[in-house]
Amino acid sequence: MNRQITIKDIAKEAGVSISTVSRVVNSSLPVKKETKEKVLKAIEKLNYYPDSLARSLRVGYTKTIGIIIPNIANPFFATIVRGAEDFLRSKGFSLMICNSDNNIVEEKKLFKTLIEKKVDGILYSGIGDHVESLINKNVKTVFIDRIIKSNKFSYVCSNNYNAMYKLLEYLYNSNHRKFIFISGQKEIFSAAERLRAFQDFANEYKIDFKIYEGEYTHESGLSVAKKIKNLPDVVVCANDLLAYGVIEHFKSKGLKVPKDVSVTGYDDIAFSKMFSPPLTTVKQPIYEMGKTAGEMIFTILSKKIDHIPVKQFENEIIIRESTRRRN
């Protein structure tokens, strides 16, 4: 009763040869429509599941891609995953999602696990620039929203610097002069680029400013906001979750956004337009970035090439009710 169903059982049930069943299961060679339907009905009837490990050893690939992200609870990364998975599923690939909880030690373990699982490729959107020494050269890798100083890998990113600079110019032109900037972790490429844009802007426009470092979380926004003693004209946050935390803290103190202080975010995750007040932010094409990463890893594998040139998206400034023109 508990014997594992084999390809021989499927062949006997469908009345075809073992090689025909193999062609259907592996999509290796064409099979007549009627014959294929017989095999598929037999597979369904007998509840047959191919041995994916044995198959991968035989054909040399697993049709599995690993993706490493720092925080699946962050809607930015959840949308990245959805974009990649939608595309890869359409090509017959499975996506193995690995969440590092913003922990570099855990991230190193995840790389090791994915390589041991014989994944065909890795999509990486982790937290550090330490990964070049970890990546097995035999496993193709595409970076999402992360860049390290190497031409060995493929990258999908957006123009963090330009968009942040444009947002700051909008605020300046709306008569904001006293700025607080809350950065993400400096080890993260996107956070470093947004911080670099702010520093260049501050030098160019000679504004009054202060910089705090946080993490890309709502809780970090709450924590950093508690450190603010003198209210600025605007608090510029390196992502939307930080901005939610800042606004929540200001509300708890009886402050009104944007009457008393403007607040901005970055990413334009789905909830930002429904937040109270609706958040001024920078819109990234998040789903498209994930999908493009999936397309890249598929192309690299199918064409057996090393890497693809950087794909960089431009972002859009979204003006909503968390900012105002100051008198």
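Predicted model: local features only at pLDDT ≥ 70, side-chain atom pairs only at ≥ 80, totals over all residues.
Biologist: Where is Tyr165 placed?

Modeller: Tyr165 is in helix H7, which covers residues 160–173.

Biologist: And is Tyr165 buried or exposed?

Modeller: Tyr165 counts as buried because its relative accessibility is 16%, and the cut-off for buried is under 20%.

Biologist: How far apart are Tyr165 and Ala197, in sequence and in space?

Modeller: They are separated by 32 residues in sequence, while their C-alpha atoms are 5.5 Å apart.

Biologist: Turning to helix H8, which strands does it lie across?

Modeller: Helix H8, residues 189–205, lies across strands E6 (178–183) and E7. Relative to E6, helix H8 runs at about 160 degrees.

Biologist: What is the strand order in the open sheet of 4 strands?

Modeller: The order is E7-E6-E8-E9, and the pairing is parallel.

Biologist: Which are the edge strands?

Modeller: Strand E7 (208–213) and strand E9 (262–264) are the edges, each pairing on one side only. From one strand to the next, the twist averages 15 degrees.

Biologist: Over how many bridges do E8 and E9 pair?

Modeller: Strand E8, residues 234–237, pairs with E9 over 3 bridges, in the parallel sense.

Biologist: Which residue in E9 does Val235 stand opposite?

Modeller: Val235 stands opposite Val263 in that strand.

Methods:
Residues numbered from 1 in each chain as written. Heavy atoms only, no water. Pairing = 2+ DSSP bridges. Helix = DSSP H or I, 4+ residues; strand = E, 2+ residues; numbered from the N terminus. Axes fitted to C-alpha atoms, helices over the stretch in contact; angles between N-to-C directions. Contact = heavy atoms within 4.5 Å. Buried < 20%, exposed > 50% of the residue type's maximum accessible area, 1.4 Å probe, protein only.
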